[in-house]
Amino acid sequence: MGKNKIQSVEPMIADRANGWLKAYGLDYKLEQETLNTEIDTALYEYFSKSGGKGGNRPDVKILLRDKEQAFYPVLIEYKGYKDKLVKLDANGQVDNRTAKNEPNLNNIKAYAVNGAIHYANALLHYTSYTDIIAIGMTGYKNEEGNIEHEIGVYYVSKKNLGVGQKVDEYIDFSFLKKSNFDGFVEKVKALSLPQEKIEKLQEKREREIDASLVRINNDIYQNEKGLGENDRVYLVAASIIATIGVPGEVSPLEKSELKSSTELGNTDGEILVRKIRAFLNAKKLLPEKKEMIIRTLQNTLTTDNINKVENGESQLKRVFTKIVDDLGIYYKIGLTTDFTGKLFNEMYSWLGFTQDKLNDVVLTPSYVATLLVKLARVDKDSYVWDFATGSAGLLVAAMNEMLIDAKNRIPSPEQLAIKSAEIKAEQLLGLEILSNIYMLAILNMILMGDGSSNILNKDSLKDFNGNYGFSKENKKFPATAFVLNPPYSAPGNGMVFVDKALRMMDRGYAAVIVQNSAGSGKAVSYNKQILKHSTLLASIKMPVDLFAGKSSVQTNIYVFRVGEAHQSDDIVKFIDFSNDGYTRTNRKKASSNLKDTDRAKERYQELVDIVRFGKDKLRIFTEKEYYEGKIDPDNGADWNQSSPVDTKPTLDDLKKTVSDYLTWEIAELLKKWEGENNCLGK
């Protein structure tokens with residue numbers, strides 16, 4: 001019997017569940033009732049289950065508080081059919097996104113849990129709540145005519161990137177009862193996704209971010225006239241800062257707070273500047289850094305044109321609204337990705353630069369940034385610097401690696417908190433000469449964990465002496481790890497940065513990705529200097545399409561041990577990583593331009609292992625892709641070697657040649673014999 005002939009039992013399901021809530025003494029609100037303004041506004045602003053704006057009305061809304069006075073919104077959605085509790089994807093996650101990374105409206109509408117998680121994401125996007133309980137409940141009449149029900153309880157938060165995690169199996173809502181709720185919260189806090197799942201979710205989110213960035217940048221570029229390239233960058237930066245908020249100190253700026261007023265002191269730009277100042281004050285940035293950021297953003301935010309009111313709305317409010325609506329969900333759920341790096345690359349792709357030096361700025365993909373960090377052996381005690389930091393993608397990767405290591409090795413929550421703060425404030429340093437990219441680096445580090453303390457707007461070759469910046473200018477930065485993707489137009493394809501940085505280090509490791517001609521003749525003088533104080537451990541040939549769509553140069557990664565001059569007998573690992581397991585495309589409408597088609601993650605891990613431990617770790621790599629050889633420290637142009645081809649014939653080669661010849665000879669004799677017989681037959 002088809003579903004259309006089965007009557008929904010949703011009213012009976014709702015009656016049963018709401019009866020429980022009433023018996024527990026909970027202050028619950030039904031579909032049309034108000035819970036609070038912040039939550040109601042979020043549900044209205046978020047796209048609906050039908051794809052339009054507004055119309056998000058959970059069947060039940062509750063706001064509960066645990067013993068630590070933390071608030072947990074609870075959103076409940078009822079259905080009335082069998083097998084309509086939850087729809088999962090192939091990875092066991094709630095399936096609310098299509099293969100094209102668009103909202104799966106059919107699932108969101110049809111399944112109770114999917115709908116509840118959709119509502120929970122509205123709160124992640126538009127409110128200050130970061131921990132939400134999404135509940136789905138459905139049921140049906142059994143053969144005896146009695147109502148059977150089933151319940152799905154999911155935790156939706158920044159920690160699980162908004163996809164939701166199943167908490168446990170439940171047969172009623174008694175876990176929401178006041179006497180039971182603290183125990184339920186403890187169970188929620190104990191949930192943790194394995195790292196592998198987190199990485200898969202991050203990849204999925206990154207594809208969604210790409211699609212959103214294309215959409216918003218196309219919109220701004222095509223429809224918002226009069227905005228220069230820097231204005232676009234600063235508008236996005238300002239909007240994100242203003243809407244992040246600081247829990248308990250600075251509330252996120254709401255779209256409704258921008259009134260498009262012409263009143264002096266209350267223009268949209270002035271309101272944004274005040275919110276940004278409050279945010280930076282709460283983050284306790286050094287006064288000179290805070291004022292520099294505000295001054296830079298203020299130049300764009302307070303101009304007359306952008307605050308000019310037409311049809312009741314300023315251009316600033318219109319752009320701010322687009323940014324929050326399209327990107328808000330991604331930067332509010334705390335992604336550990338080079339978010340602003342993606343933002344930067346996508347934004348500049350619309351600007352059509354030709355002979356501009358910004359053409360030389362190609363940001364490192366996040367998975368390559370993580371590779372460089374691992375090759376440089378970064379851990380919780382490392383001091384990491386980058387002399388051409390761009391949007392700080394490499395430093396974000398380093399910070400993440402350091403925090404993961406600290407979490408794994410420090411059992412005390414209190415000591416872990418102290419160490420995490422130390423990592424962000426003391427153990428990272430980046431230099432960026434271009435002011436607009438520098439602003440992105442600051443924003444990126446603030447977004448990804450506030451490790452922006454030592455991001456300096458300086459020329460690393462001319463103006464940097466190896467010390468911390470701002471109020472610690474007389475204290476040396478004790479670098480133990482160096483990571484770099486330099487501008488390849490710099491002297492020696494960028495090896496000038498490597499030479500300077502490594503000379504300023506006493507010990508540690510370095511991993512740099514540069515145009516590979518640096519190792520075969522374009523950087524001879526710098527390479528010879530580097531080998532006087534550092535040892536080349538590995539030379540890794542990377543895929544030629546690594547920077548697909550941005551640059552087509554052949555790159556190599558060079559790995560060094562710092563503080564020991566290279567000896568002529570030192571072994572160098574030469575690795576051909578042309579096949580890294582990824583297939584790349586550069587199609588505008590592709591759902592993903594990067595696909596793991598041949599064990600990419602395993603290959604990247606094996607690469608790290610063989611650089612560290614040698615050929616005993618060879619599993620996927622062939623011996624043709626891994627070669628141990630030597631270089632001449634006085635040469636400087638022999639860094640790009642490959643496995644030698646043995647041209648000496650072996651006994652097997654001889655046997656095969658003889659066998660092939662005999663096969664051919666016999667075939668010829670047979671042909672001749674057949675020909676003669678045919679002639680005789682005639």
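Let me start with the core. The largest nonpolar core has 168 residues, and Trp385, Phe482, Ile540 and Phe560 touch the most other members. A nonpolar core here is a set of buried Ala, Val, Leu, Ile, Met, Phe, Trp, Tyr and Cys residues joined through side-chain atoms within 4.5 Å. Buried means under 20% relative accessible area, exposed over 50%, and partly exposed in between, with a 1.4 Å probe and protein chains only.

A word on the source. This is a predicted model, where local features need pLDDT of at least 70 and side-chain atom pairs count only at pLDDT 80 or more, while totals for chains, interfaces and linings use all residues. Residues are numbered from 1 along each chain as its sequence is written, and side-chain values use heavy atoms, with hydrogens and water left out.

Back to Trp385. What is Trp385 in contact with, leaving aside its neighbours within four places in sequence? The list includes Leu395, Leu429, Phe464, Phe477, Phe482, Met504 and Met505. Contact means heavy atoms within 4.5 Å. Gly466 is also one of the partners of Trp385. There is a second, separate core of 32 residues, and it includes Ala14, Val60, Tyr78 and Val167. In general, nonpolar side chains tend to be buried together in soluble globular proteins.

Now the helices. Helices (H or I, at least four residues) and strands (E, at least two) are DSSP runs, numbered from the N terminus.

First pair. Helix 7 (residues 229-244) packs on helix 16 at about 20 degrees, with the axes 10 Å apart. Axes are lines fitted to C-alpha atoms, for helices over the stretch in contact, and angles run from 0 to 180 degrees between N-to-C directions. Helix 7 and helix 16 are therefore roughly parallel. The cut-offs: under 35 degrees is roughly parallel, over 145 roughly antiparallel, 65 to 115 roughly perpendicular, and the rest oblique. The crossing of helix 7 and helix 16 is left-handed; that is, the near helix is turned anticlockwise from the far one by less than a right angle, with clockwise being right-handed. On helix 7, the residues that meet helix 16 include Val233, Tyr234, Ile240 and Ile244. Among those on helix 16 are Met439, Leu440, Leu443 and Leu447. The residues of this contact divide into ten nonpolar, three polar and no charged. Ala, Val, Leu, Ile, Met, Phe, Trp, Tyr, Cys and Pro count as nonpolar, Asp, Glu, Lys and Arg as charged, and the others, Gly among them, as polar.

Second pair. Helix 7 and helix 9 pack at about 110 degrees, axes 9 Å apart. That makes helix 7 roughly perpendicular to helix 9. Asp231, Tyr234, Leu235, Ala237, Ala238 and Ile241 of helix 7 make the contact with Thr296, Leu297, Thr300 and Leu301 of helix 9.

Third pair. The axes of helix 9 (residues 287-301) and helix 16 (residues 435-447) come within 12 Å and cross at roughly 120 degrees. That makes helix 9 oblique to helix 16. Lys289, Met292, Ile293, Thr296 and Leu297 meet Tyr438, Met439 and Ile442. Here the division is six nonpolar, one polar and one charged.

Last stop, Asp95. Is Asp95 buried or exposed? Buried, with a relative accessible area of 14%. Asp95 sits in the loop between strand 3 (71-78) and helix 3 (105-110). Not counting residues up to four places away in sequence, Asp95 touches Lys87, Leu88, Asp89, Asn104, Asn107 and Asn114.
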